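Below is a short note to read alongside the sequence and the model. Please keep both open while going through the numbered points.

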Amino acid sequence: MSPWLHKQRNLLDFTLSSLSRRRGKTLGMMAVYTSIVFVLASVMLFSHAIRREAATVLAKSPEVLVQRMVAGRHDLIPARYLDAIKGVRGVQSAEGRLWGYLFDPAAAANYTLMVPTNPRIEPGKVVIGDGVVRARSADPGDLMSFRAHDGALVQFKVDKTISRDSALVSADLFLVAEEDFRRLFGIAPGLFTDLAISVRNPREVTKIAEKIDAALPDTRIILRDEILRTYESVFDWREGMLLVLLAGSILAFAIFSWEKASGLSAEERREIGILKAVGWETGDVIRLKMLEGMVVSLSAFLIGYLLAYLHVFHFGAGLFEPVLKGWAVLYPKYRLAPFVDELQVATLFFFTVFPYTIATVVPIWRAAIVDPDTVMR
Amino acid sequence: MIHLSDVRKAFNQGKPNEFWALKGIDLSVRAGKVTVFRGPSGSGKTTLLTLVGCLARPTTGRVRLRDRDISGLPERFLTDIRRSTFGFVFQQFNLLKGISAVENVMVPAYPLGRCRTELSARAHALMDSLDIGPKAHSNAEWLSGGEAQRVAIARALINDPEVVIADEPTANLDSERSKQFLGIVETLKASGKTVLMTSHDPLVCDTEVVDHVVSLRDGQLVDTR
């Protein structure tokens with residue numbers, strides 16, 4: 001091993017023994033530091049993962065949606081609009097969708113009713129999401145009754161339930177047959193809630209949307225990218241709000257760490273004097289103290305980040321769930337897919353480890369340039 | 001080996017509380033000998049020791065180590081000379097609390113990048129030679145005055161310096177311990193080390209092992225023998 005490596009090893013060994021000498025101060029500092037990294041990393045990991053989740057879910061949704069507007073409100077769209085759309089070059093397929101919301105007084109919750117095209121549901125039967133299962137304690141084979149638009153009772157037999165894996169989007173789903181949907185809401189055949197369109201070339205989406213808009217002036221065109229942006233804004237806003245709330249504690253930590261890291265005790269000053277007197281260069285002393293700062297901040301960062309990872313991806317982010325996810329009666333129970341963004345880690349690292357190390361070094365530098373003969377007096 | 005010519009040292013120069021600790025010292029310290037700086041409190045003996053040991057620079061005058069003028073060298077070079085040429089035993093011993101005695105002994109060698117195993121072996125050997133081997137793993141603050149001083153001596157010797165500097169080495173010791181210390185000085189002298197001490201203890205100044213006694217008063221040399 002080269003002398004340089006021996007020197008670094010010796011300095012690191014001495015750093016660790018220095019830290020263990022001030023065990024109380026070091027552990028206290030690390031505990032506060034770790035909690036701050038934990039909180040910030042939890043918020044960041046959660047927001048990022050949920051944004052990705054939304055993007056993954058939306059990846060399967062149609063690229064373009066067409067809704068009819070009447071007097072500025074969303075209205076049912078006639079099936080003949082499909083012919084006009086299919087005539088636009090670049091449109092791969094277009095189909096009418098039936099969906100809506102149904103309030104269930106028994107569970108005091110809103111269900112999202114949909115008519116799936118593949119596989120089709122038999123009339124009189126229903127497939128329900130995990131949230132509905134929990135709200136109504138319903139099992140396959142149970143009967144569920146609702147009042148239709150005209151007051152008549154419509155009964156459904158639970159055919160099966162949707163697995164919890166897709167709970168983020170399926171928790172409140174209530175999948176029924178087309179006939180049952182139309183009967184429940186009194187929607188005449190030939191009318192749809194909206195139209196879902198897929199295009200051949202994704203780069204032509206905007207152009208095709210413009211053409212549809214020109215051909216059907218009373219419609220509203222919604223692009224998948226726009227929905228994604230809306231989701232991102234919502235989560236950005238929530239993350240920002242939480243970070244603002246946390247700003248107070250971050251500031252308190254900044255003051256605390258500055259005070260702890262920058263305040264040199266008389267004992268520490270004496271030690272610096274001794275080290276210089278026995279032949280340590282100013283640079284060696286600064287390197288030692290920088291290592292001390294780095295050991296504390298790096299350990300706190302790694303532990304804090306690891307705890308945050310476990311908190312978000314293994315324990316469902318229990319601490320921030322209500323703020324970051326929002327609230328609903330039929331709340332989806334789901335586990336986020338673990339994802340770590342390098343830039344995010346680097347940002348957090350820069351804003352936590354770097355300031356602390358600097359806060360440690362500045363006073364040491366001031367103390368370390370003092371003449372070594374002070375220790376003799 | 002060390003030559004001082006017209007060395008003066010001022011503290012707080014240019015301020016109302018300016019104080020001249022040394023007022024024109026001419027002195028030569030010979031290699032392989034034991035020299036004691038004697039004088040009452042405030043006579044400037046510790047200040048003289050700091051100049052000789054490269055812990056501080058003179059305000060005016062020259063300090064030469066062999067033929068090299070070291071009085072105007074920047075801090076970095078002084079540090080280099082200090083750790084390769086001098087070993088220090090401070091009056092309060094100045095051991096680092098919370099770490100073991102053997103670690104205290106090794107501290108001056110850390111920046112030199114020596115192998116830790118060899119370093120540890122040398123530290124233990126030094127401590128054994130000073131009869132404090134069994135205390136190697138005791139924390140510095142648990143040691144008695146005599147033990148702490150011997151740890152400080154081992155620390156001073158870890159980089160095998162040519163000169164050992166001791167500031168008031170017997171000030172915190174009883175007569176028995178003082179005699180033991182002088183025994184160690186004799187061993188150091190026998191091994192070819194130059195020893196420089198400050199003291200106003202007659203036990204130190206009048207002992208046979210001491211070759212030269214330099215008396216100071218009010219920052220000036222009053223007598224040398």
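1. A residue is called buried when its relative accessible area is under 20%, exposed when that value is over 50%, and partly exposed in between (1.4 Å probe, protein chains only). By that rule Asp284(A) is buried, because its relative accessible area is 1%.

2. This is a predicted model, in which local features need pLDDT of at least 70 and side-chain atom pairs count only at pLDDT 80 or more, while totals for chains, interfaces and linings use all residues. Residues are numbered from 1 along each chain as its sequence is written, chains are lettered from A and ligands numbered from 1 in the order in which they are written, and side-chain values use heavy atoms, with hydrogens and water left out.

3. Which residue forms a salt bridge with Asp284(A)? The partner is Lys7(A), and the closest N and O atoms of the pair are 3.0 Å apart. A salt bridge here is a side-chain nitrogen of Lys or Arg within 4 Å of a carboxyl oxygen of Asp or Glu. Asp284(A) belongs to helix 10 of chain A and Lys7(A) to helix 1 of chain A, so the pair ties together parts that are 277 residues apart in sequence. Helices (H or I, at least four residues) and strands (E, at least two) are DSSP runs, numbered from the N terminus. Lys7(A) counts as buried as well, because its relative accessible area is 16%.

4. Lys7(A) and Asp284(A) also belong to a network of salt bridges, whose other members are Glu281(A), Arg287(A), Arg76(B), Asp80(B) and Arg83(B). Over all chains, the search finds 29 salt bridges.

5. Helix 1 of chain A also holds Arg9(A) and Asp13(A), which are 4 residues apart, about one turn of the helix. Their side chains meet in a salt bridge (3.7 Å, N to O). Arg9(A) is partly exposed at 40% relative accessibility, and Asp13(A) is partly exposed at 22%.

6. In chain B, a salt bridge (3.7 Å, N to O) joins the side chains of Glu147(B) and Lys135(B). Glu147(B) is in helix 5 of chain B and Lys135(B) in the loop between helix 4 (116-129) and helix 5, so the pair ties together parts that are 12 residues apart in sequence. Glu147(B) is buried at 16%, whereas Lys135(B) is partly exposed at 32%.

7. How many residues of each chain are in contact across the interface of chain A and chain B? There are 27 from chain A and 31 from chain B, where contact means heavy atoms within 4.5 Å. The area buried between the two chains is about 2,800 Å², and carbon and sulfur atoms give 60% of it. Buried area is the accessible area (1.4 Å probe) that two parts lose on being put together, summed over both.

8. The count between chain A and chain B is 5 salt bridges. One of them joins Lys276(A) to Glu75(B), with the closest N and O atoms 3.7 Å apart. On the side of chain A that touches chain B, helix 1 (3-21), helix 9 (266-277) and helix 10 (282-313) each supply at least two residues. Helix 1 gives the most, with 9 residues.

9. Glu75(B) is one of the buried residues of helix 2 (residues 75-85) of chain B, which also include Leu78(B), Ile81(B) and Arg83(B). The buried residues of this helix pack against helix 9 and helix 10 of chain A, and against strand 4 (60-65), strand 5 (68-69), strand 6 (86-89) and strand 7 (163-167) of chain B.

10. The largest nonpolar core has 92 residues, and Trp280(A), Ile2(B) and Met197(B) touch the most other members. A nonpolar core is a set of buried Ala, Val, Leu, Ile, Met, Phe, Trp, Tyr and Cys residues joined through side-chain atoms within 4.5 Å. Helix 5 (residues 145-157) of chain B gives the most to this core, with 7 residues. Apart from this core lies another, of 43 residues, including Ile77(A) and Met144(A).

11. Thr35(B) lies in strand 3 (residues 34-38) of chain B and is buried, with a relative accessible area of 4%. Leaving aside neighbours within four places in sequence, Thr35(B) is in contact with residues including Met197(B), His212(B) and Val214(B).
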